[in-house]
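These notebook entries record what I looked up in one structure. I kept each entry to a single topic.

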Amino acid sequence: MLIVAITGMPGAGKSTAAKALEARGFKRIVMGDVIREETRRRGLEPDEKNTAKVMLELRERYGPGAVAEVCLRSLKTMKEDVVVIDGIRSFAEVEVFAKAGKVKLIAVEASRDRRFRLLTERARSDAPTSRASFDERDKRELSIGVGNAVALADESLSNEHTTPDELGRRAVELVGSWVAAAG
């Protein structure tokens with residue numbers, strides 16, 4: 001199994017790239033959904049504050065690969081040749097997924113200003129409520145290792161001056177080349 005893992009800072013465009021791959025028929029697992037689901041299970045609103053608390057607690061209690069371990073249960077039941085993992089936050093998560101197949105890691109990158117704009121425009125329940133909360137979220141993500149995952153990626157895609165369609169097309173082309181090479 002080829003596991004295409006997508007990493008990047010909040011708002012960089014990970015989900016845009018992953019959704020383009022999903023539209024091409026690849027199965028997609030969203031790591032953030034695990035956090036939002038656990039937050040709801042605890043009777044909390046899945047807003048910025050609560051999802052951050054649950055994410056940090058899970059990693060503190062069960063280790064840096066905790067969220068990936070939950071996703072791995074679903075992954076192991078799949079018969080697909082290629083699966084997309086949306087939302088890698090640490091290289092420890094990549095190592096967890098490597099138990100199930102060959103992992104290729106894509107980093108999606110964008111400037112802080114662009115990411116802030118994209119996050120506030122999408123208006124999801126866990127979107128930053130201010131620039132200060134955005135900065136705090138960046139610090140939190142960096143503290144759990146997203147910078148290492150970005151640095152160790154097999155390939156990077158810039159989302160600084162692209163449209164969602166362009167980013168998606170480039171992700172599809174890249175993964176297509178990996179699938180072709182895997183033969």
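Predicted model: local features only at pLDDT ≥ 70, side-chain atom pairs only at ≥ 80, totals over all residues.

Entry: Phe-116 belongs to helix α6 and Phe-134 to helix α7, so the pair ties together parts that are 18 residues apart in sequence.

**Entry: Arg-131.** I next asked which residue lies over the face of Phe-116. It is Arg-131, at 5.1 Å from the ring centre. I noted that the side chain of Arg-131 also meets that of Asp-113 in a salt bridge, at 3.1 Å from N to O. This pair links distant parts of the chain, with Asp-113 in helix α6 (residues 112-122) and Arg-131 in helix α7, 18 residues apart. I recorded both partners as partly exposed: Asp-113 has a relative accessibility of 48%, and Arg-131 has 31%.

Entry: I searched the whole structure for salt bridges and found 14. Side chains of opposite charge can pair when their charged atoms come close. I examined Arg-41 and Glu-38, whose side chains meet in a salt bridge at 2.7 Å, N to O. Both residues lie in helix α2, three residues apart, which is about one turn of the helix. Are the two partners buried or exposed? Arg-41 is exposed, because its relative accessible area of 62% is over the 50% cut-off. Glu-38 counts as buried, because its 16% is under the 20% cut-off. I also found that Glu-38 and Arg-41 belong to a network of salt bridges that includes Arg-42 and Glu-57.

I then turned to helix α9 (residues 164-182), where Glu-173 and Arg-169 lie four residues apart, about one turn of the helix. These two form a salt bridge, their closest N and O atoms being 3.0 Å apart. Glu-173 is partly exposed at 47% relative accessible area, and Arg-169 is partly exposed at 42%.

**Entry: helix α3.** I checked the length of helix α3 (residues 48-62) against expectation. Its 15 residues, at 1.5 Å a residue, should span 21 Å, and the end C-alpha atoms are 21 Å apart, which agrees. I listed the buried residues of α3, among them Glu-48, Val-54, Met-55, Leu-58 and Arg-59. What covers the buried residues of α3 includes α2 (31-41), α4 (66-76), α5 (91-97) and α7 (131-143). After α3 comes Gly-63, with a positive phi near 105°.

**Entry: the chain as a whole.** I counted nine helices and five strands in the protein chain. From the N terminus, the elements run β-α-β-α-α-α-β-α-β-α-α-α-β-α. The radius of gyration is 15 Å, close to the 16 Å that the globule rule gives for 183 residues, so the chain is as compact as a globular protein of that length. I noted that the C-alpha atoms fill a box of roughly 45 × 35 × 25 Å along the principal axes. Buried residues make up 51% of the 183 residues. Finally, of the contacts with a separation of 6 or more, 75% are between residues 24 or more positions apart.

Key:
Residues numbered from 1 in each chain as written. Heavy atoms only, no water. Helix = DSSP H or I, 4+ residues; strand = E, 2+ residues; numbered from the N terminus. Expected span 1.5 Å × (residues − 1). Buried < 20%, exposed > 50% of the residue type's maximum accessible area, 1.4 Å probe, protein only. Contact = heavy atoms within 4.5 Å. Salt bridge = Lys/Arg side-chain N within 4 Å of Asp/Glu carboxyl O. Lys NZ or Arg CZ within 6 Å of the ring centre and 35° of its normal. Rg over C-alpha atoms; globule rule 2.2 N^0.38 Å.
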